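My entries follow in the order in which I looked.

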Amino acid sequence: MTKERKPKPVFIEGAISAEFIGNSIAKHQSKTTIGAHDIFLGQVRADQIEGKTVKAIEYTAYEDMANSKFHDIREATFKKFNLTCMHIYHSLGTVKAGEICLFVFVSSPRRVDVFNAIEYLVNTIKEQVPIFGKEIFEDQSHQWKVNS
Amino acid sequence: MTLKIKYFGMLAEITQCEEETLSFSKGTAADLLKVLFEKHPILEEKEFQIAQNQTFISNDSIISNAEIVLLPPFAGG
């Protein structure tokens, strides 16, 4: 029988700090069956669009559906790969260019599973989770971001 | 029945509405879209998906839930 995992909170208000990421890594020192971690950090890019520069992205989400999607994606990823643990955090609200908006962290006894799992996870999150991003330019005008 | 329609992201911006209620006689998502396009013609030009019970539905799906959500393209990550 597969273990039922409780949905874990994913959304964080504002940027994800380096300190938060560091603490998250440190917490794994007691889990000594782990031999490999892999981390993906999504960072807000200062894209230049028609002469204007993106200074921040304001994230919103259909939170109920996003949380259940995150839960489904976690479960599917645990089934697909041999992972010891998995953490996903995504920002809501304003994240400035250069700051981190997505933190995905997977751990396994061996490296092959973490390499494959992280790519699968990040691609699936981008494709399936109802999160919306408003790119704010330096002159306060904006456009809506669409994942490519 | 009375439906609650929720709009997210750019759809909330262009319709100037995050949530509204409207009365709808039975029908499919396509029937509902006709009503919504009449109310918010600008929606017709936009790309979006419709969710009912947090599940995407297609044009021929029957509207059976009181809460319908319109979702523009995703931009997470």
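**Interface entries**

I began with polar contacts (pairs of N or O atoms within 3.5 Å, where within protein one must be able to donate a hydrogen and the other to accept it, and residues adjacent in sequence count only if both atoms are side-chain atoms), and across the interface of chain B and chain A I found nine residue pairs, both partners at pLDDT 80 or more. This is a predicted model, in which local features need pLDDT of at least 70 and side-chain atom pairs count only at pLDDT 80 or more, while totals for chains, interfaces and linings use all residues. Residues are numbered from 1 along each chain as its sequence is written, chains are lettered from A and ligands numbered from 1 in the order in which they are written, and side-chain values use heavy atoms, with hydrogens and water left out.

I then looked up the extent of the contact (heavy atoms within 4.5 Å), which takes 16 residues from chain B and 23 residues from chain A. For the buried area (accessible area, with a 1.4 Å probe, that two parts lose on being put together, summed over both) I noted about 1,700 Å², of which carbon and sulfur atoms give 62%. B:Gln54, B:Phe74 and B:Gly77 supply 39% of the area that chain B buries against chain A, more than any other three residues.

**Charged pairs**

In chain B, the side chains of B:Glu67 and B:Lys6 meet at 3.7 Å, N to O. I noted B:Lys6 as buried at 19% relative accessible area and B:Glu67 as partly exposed at 26%, where buried means under 20%, exposed over 50% and partly exposed in between (1.4 Å probe, protein chains only).

Last, I looked up A:Phe70, which touches A:Val10, A:Phe11, A:Ile88, A:His90, A:Ile125, A:Val129 and A:Ile131, not counting residues up to four places away in sequence.

Technical notes: A salt bridge is a side-chain nitrogen of Lys or Arg within 4 Å of a carboxyl oxygen of Asp or Glu.
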